[in-house]
Amino acid sequence: MTTDMKIEGSYAAHGGTQHIVQHASHSTGTPMRLSIYLPPQAASAPCPAVIYLSGLTCSPMNVTEKGEFRRAAAERGLIVVCPDTSPRGEDVADAPRYDLGQGAGFYLDATAEPWSRHFRMESYVAQELPALLQNGFPIRPGGFGIMGHSMGGHGALTLALKHPQLFRSCSAFSPIVAPTQVPWGQNAFAAYLGGDAEASRRCDAVALIGDGARVPELLVDQGTADEFLSEQLRPDLLQEACRTAGIPLTLRMQDGYDHSYYFISTFMADHVAWHAERLGRGRA
């Protein structure tokens, strides 16, 4: 492991190792915490890796403790990396609401004060973190997979569309697909991007597809009992954008499932398999 990372804990799991680490980020100017699961195959050869982006209010520990990805990752020989949702600390700007500030970085590079000093999550996830991981862990060259939930699903979609050479596979659970058209995104973009319409459009998956961005294919799971489905998530907009652009989209509407980790953990193994197959490694 790279000396740039401080190990907070390491735990045996399904023949591999679950690491909890911290490092000093030059993108955010803060310490950043993340979890990294190394499957047993990583002890003898480089493995493909997928980055999981969490949703509003979450830390890396939500999916690490509730996501139930390790058994499937161990079977498939897939490294799973779970970064934080934002910079954190006493000197980091915050807001008295759950959908803005610490815990709600929206995976973009903020341009407006007071957010621009630390909230540089696109640079962190798409530049700094991959370089750090490739330098310190047995990751197979050639790119990463990316997936996420809710705000993290928004991040996975937009970063895959903007960095297709880096992120070679993409999936999402209950993503915010068109943030410029829903309250969560409108509020966040007004703050982080100062209401810049063009900058906001470049952080919106449906708009990016409309403007010509492409990925080979997408997998999205969405619960029909999700309380945010009609107002905040709008998978119908992604479905129409992909249909118009000719992007193969597997949109699975899961009957009776909500927005929680009970939903995510139920279908996590499917997403692990999706990424493992597209990153070039089948069942061990």
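In this predicted model, 10 aromatic pairs are found. One of them joins F173 and F263, whose planes stand at 90° with the ring centres 6.0 Å apart, so the pair is edge-to-face. F173 belongs to strand β7 (residues 167-173) and F263 to helix α10 (residues 261-278), so this contact ties together parts that are 90 residues apart in sequence. Both F173 and F263 are buried.

Y257 and F267 make another edge-to-face pair. Y257 sits in the loop between β9 (249-254) and α10, while F267 is in helix α10, 10 residues apart. Y257 has 29% relative accessibility and therefore counts as partly exposed, whereas F267, with a relative accessible area of 10%, is buried. F173, Y257, F263 and F267 form one aromatic cluster.

The geometry of the two pairs is set out here.

| Pair | Centre to centre | Angle between planes |
|---|---|---|
| F173 and F263 | 6.0 Å | 90° |
| Y257 and F267 | 5.0 Å | 70° |

Charged side chains also meet rings. The charged end of R70 sits over the ring of F69, at 4.9 Å from its centre. R278 lies over the face of W274, 3.5 Å from the ring centre.

Strand β1 (residues 5-13) pairs with strand β2 (residues 16-24) in the antiparallel sense over 8 bridges, and K6 stands opposite Q22 in β2. The hairpin of β1 and β2 has 2 residues between the strands, and H14 in the turn has a positive phi of about 50°.

β2 also pairs with strand β3 (residues 31-38), in the antiparallel sense and over 8 bridges. M32 in β3 is the bridge partner of H23. In the hairpin of β2 and β3, 6 residues lie between the strands, and G29 takes a positive phi near 70°.

Methods
Residues are numbered from 1 along each chain as its sequence is written. This is a predicted model: local features need pLDDT of at least 70, side-chain atom pairs count only at pLDDT 80 or more; totals for chains, interfaces and linings use all residues. Side-chain values use heavy atoms; hydrogens and water are left out. Two strands pair if DSSP finds at least two bridges between them. Helices (H or I, at least four residues) and strands (E, at least two) are DSSP runs, numbered from the N terminus. Rings of Phe, Tyr and Trp (its six-membered ring) pair if their centres lie within 6.5 Å; planes under 30 degrees apart count as stacked, over 60 as edge-to-face and the rest as tilted. Buried means under 20% relative accessible area, exposed over 50%, partly exposed in between (1.4 Å probe, protein chains only). A charge sits over a ring if NZ of Lys or CZ of Arg is within 6 Å of the ring centre and within 35 degrees of the ring normal.
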